[in-house]
Amino acid sequence: MAKRTVIDPITRIEGHLRVEVEVEGGKVKEALSSGTLFRGFEIILKGRDPRDAGLFTQRICGVCTHVHYDASIHAVENAIKIVPPKNGRLVRNLIKAAQYIQDHIIHFYILHGLDWVDITKVLQADPKKAEELAYSAGSTYNAGRARFAEVKKKVENLVKSGQLGPFANGYWGHSAYKVPPEAVLLIVSHYLDALEVQRYGGQIMAILGGKEPHTQGLVVGGVTCVKDLLDPKRIGDVLFRFRKLKEFVDTAYLPDLLLAGQVYKDYGVQNVGAGHKNYLSYGDFRLSDDADRSNLFFPSGVILNGDLSKVHKFDPEKITEHVKHSWYKYADESKGLHPKDGVTEPNYTGLNADNTCKENEKYSWVKAPRYDNKPMEVGPLSRVLVAYASGNKEVKALVDYALKTLNAPASALFGTLGRTAARCIETKWLADTAEKWVGELVENLKSNDETFTKYSMPKEAMGYGLIEAPRGALGHWVSIENYKIKNYQCIVPSTWNFSPKDALGQRGACEQSLIGNPCVNKDQPLEVLRTVHSFDPCLACAIHIVRR
Amino acid sequence: MYKKISDQLRDLLSKCDSRLDELEETYPEKRGFREWLEFSGISRRSFLKWSAIMSSTLMLPPVFEKRVARAAEIASRIPVIWLHFAECTGCTESLLRSNNPGVAEIILQYLSLDYHDTVMAPSGEAAEKSLKDTMAKYKGKYICICEGSIPTKMDGKYLRVGTNAVTGLEKAKEVTKDAAAVISIGHCASYGGPQASYPNPTGSKSINEALGINSVIIPGCPYNSASLVGTILYFILFGKIPTTKSGRPVFAYGKRIHDTCPRRAHFDAGEFVREWGDEGAKKGFCLYMVGCKGPMTYNNCNIQGWNDDIASPIKAGHGCIGCSEPAFWDKMAPLEKPIQARILPGVESTADHVGWALIGISAVGMGVHAFYSHFKAKNKGVTKECCEEHQKEE
């Protein structure tokens, strides 16, 4: 690789990520993504009580702070062959729905927004025109010229003070920023509102799960919040907060997304950041109380090469993990291993003398999972495309509405813009549904207050929990021996998306998406960050590497 | 011999006032804090009310209220460098969730957060520039907040950051060296966190242990944001960290979860949850028998509740897991059993013997009390079977 631009730390993500790109003629020619932290949870889990694995693996990630807990509990329940009672299933769905809505709002405004809007343009914005724009776009949350004038004044004060805090040294004035000043003012105003609103999600999770981050209300067999469920005030607290979230999604998140989407429509039409166009969804949010995973809110399935006419059935047996380019050792590194036979032996081989990655050797703590030996993208775009291609009516209506507003074909969903749009679409889908689930819970509680399924821990068992986290497909595999954990393994969303190359030389999903990505100024790789952030990277997750 | 209390108080107040004068000179930039308050819909009155709550949280007499308010205004100018090491970012998320009371979040957010890689705009070299600029401009004046533990095995190379791929250890040394104060937040930075649990494959250590420094620690997984706000305010008021016990500020970690527990009466009455979802669970009985570690854990979860004071783990029917105590993953496991049932092998070799001995003694004490309370309850009609099962566990 020729002279590389090293971007490390990648900020506005969870964890420690480095991306190296080689740029030629304003486009990315080669890209490497490398996870730079290893924690070794796998070794630590050995010999512990399987019931503690949920709370322990939860600490893999404090951002999507609930999902590892959920996946782990599913895995242990699958091993001992029980399912929680209906109340348990519904409470878990509600906690997870709140997690999704909150997490996606934070991602769009706080982590990703600054890639699309130049906050300094607020200074040129006219609050009155911004008000007109807000009302014409339906982005009416806390909107009005007085509010916008205040926001503008705040940004002016911040700039005048010279102490820009987290906004110092941003790529302000970059030519790739296209959003006009009034729309920037509107989105920045909602950035501030988002900081307030996202808390409602945390509060829902706390009411039903004790606290957030790191909820503490699930147990193998059910949930613990039975006293709260029997208290109508607490149910009201949950319902009210879901409504608040929905209001924000309807009158800020979705219209703002469409507003920015219209400006950056070329990103969609030209499929910037599309990559392999292989999409995988395990499916999640169980809608019935049987043990199999057939009746799911997010359907499971696989789409290959961007062919939306066919959704392949997902088969967990086809998952393998490679380490040819990862800092681990296999006896035979020419092929991958299924997670239940997985091995983790750290083998750190260092960097080049100039502190860049050794692209032909090992260069990341992230392993390379593959499905049927193909690199896959996971996350909101995969879920939305699988649901859309499977003919889900609600998703189809939402996607068609977005495409119509942008005046773009369905193929415009492949790529960076589509990833960001799909995240919003599924947020709306969940926000529309959550209230119904609260109603179902209340209905069920009238005749049944069971929250726990009794079990006895088997001496030996194996199980897996496959769920969808906000960032994509998440799997935990557990084997129990002598009532203790013998082997524990996870493949998490960012392992799929930020994997290095595999033994066949195929790039990971994000690496491939960066090829051909614009980058007009190597010193200010704004467009590269857009594509990287569109995956919502979560690196602490990717490199928990939980193996025997 | 001893000064009168009123004299002591006068001394303290004048010390505090001159400290605030000094700080105002040190950080001359005006950030328009009052305007921020108005803008965020927080009236002067509720701000003063908040100051009163904060004064009592910090165990200060009411005459300090106005000074707390003034300190909060100064706080919005002190540059903060927030570093991430081996962690999960849950502590940063906890900061975002801070709303207890509302203004706390405003102060945190508008502390001059000059380097915080989860929220800052620039990446890569531009982000590194923000760090260098702040360190140079405010040498000896910035507060360094550390989230995460530091891997030390393999020369620290289990974590490398930045374009020059320095190790987490190198970065921590460099930045903490010139800080006015270092605060270690969360269990990882305070005690090592889950990655430091047995057998600790990466040799992860707490900030103090890895660097050989003596920073104040705000443990918890994650910590409660009110504890961080309080510590920063105290530092601003008095120029030193608050009174600590084992490194933890006493105002936040002075009491056991058990002492402030909303279910405490049920413990005393011998009314226990025996199994998740049982009749006791529906009635909100004591969670000791299903593994609550509240009796061995010092934290403020029951006083400063979580997520806008709306909940706490015990309130939601799950026992405390002891997340603000050293090595709780090893010492308190298995988490669903009372502490006497600890069975994890191999832990002793890594355990802090003194700490463990203390926990051991208090655990035995608790067990006796729980048994005694339970025996009393039995006489009030709890089934014999239940009691025998309990006796077996004892």
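Predicted model: local features only at pLDDT ≥ 70, side-chain atom pairs only at ≥ 80, totals over all residues.
**Entry 1: the A/B contact**

I started with the contact between the chains. Chain B puts in 76 residues and chain A puts in 79. Next I asked which elements of chain B supply at least two residues each to the side touching chain A. My list has the helices α2 (33-39), α5 (90-96), α7 (124-137), α14 (279-283) and α15 (306-309), plus the strands β2 (112-116) and β5 (160-161). I then sorted that side of chain B by class and got 37 nonpolar, 23 polar and 16 charged residues.

**Entry 2: a sheet in chain A**

Over in chain A I looked up an open sheet of 3 strands, ordered β12-β13-β14, with antiparallel pairing. Why do β12 (460-469) and β14 (484-491) count as edges? Each has a single partner strand, so one side of each has no neighbour in the sheet. From one strand to the next, the twist averages 15°.

**Entry 3: cis peptide bonds in chain B**

I noted a cis bond between Y198(B) and P199(B), with omega about 5°. P199(B) is in the loop that runs between α9 (186-191) and β8 (204-205) of chain B. I noted another between C221(B) and P222(B), where omega is about -5°. The loop holding P222(B) lies between β9 (216-218) and α11 (225-238) of chain B.

N355(A) is not a glycine, yet its phi is positive, near 65°. I placed N355(A) in the chain A loop between β10 (319-322) and β11 (368-371).

I found D308(B) in helix α15 of chain B. I make D308(B) partly exposed, because it has 18 C-beta neighbours inside 10 Å, and buried would need 20 or more.

**Entry 4: D259(B)**

Last, I checked D259(B), in the loop between α12 (250-253) and α13 (264-268) of chain B. Its 13 C-beta neighbours inside 10 Å make D259(B) partly exposed. From D259(B) to G270(B), 11 residues apart along the chain, the C-alpha separation is 16 Å.

Note on methods. Residues numbered from 1 in each chain as written. Chains lettered and ligands numbered in written order. Contact = placed C-beta atoms within 7 Å. Helix = DSSP H or I, 4+ residues; strand = E, 2+ residues; numbered from the N terminus. Nonpolar A, V, L, I, M, F, W, Y, C, P; charged D, E, K, R; others polar. Pairing = 2+ DSSP bridges. Axes fitted to C-alpha atoms, helices over the stretch in contact; angles between N-to-C directions. Buried ≥ 20, exposed ≤ 12 C-beta atoms within 10 Å, placed from the backbone.
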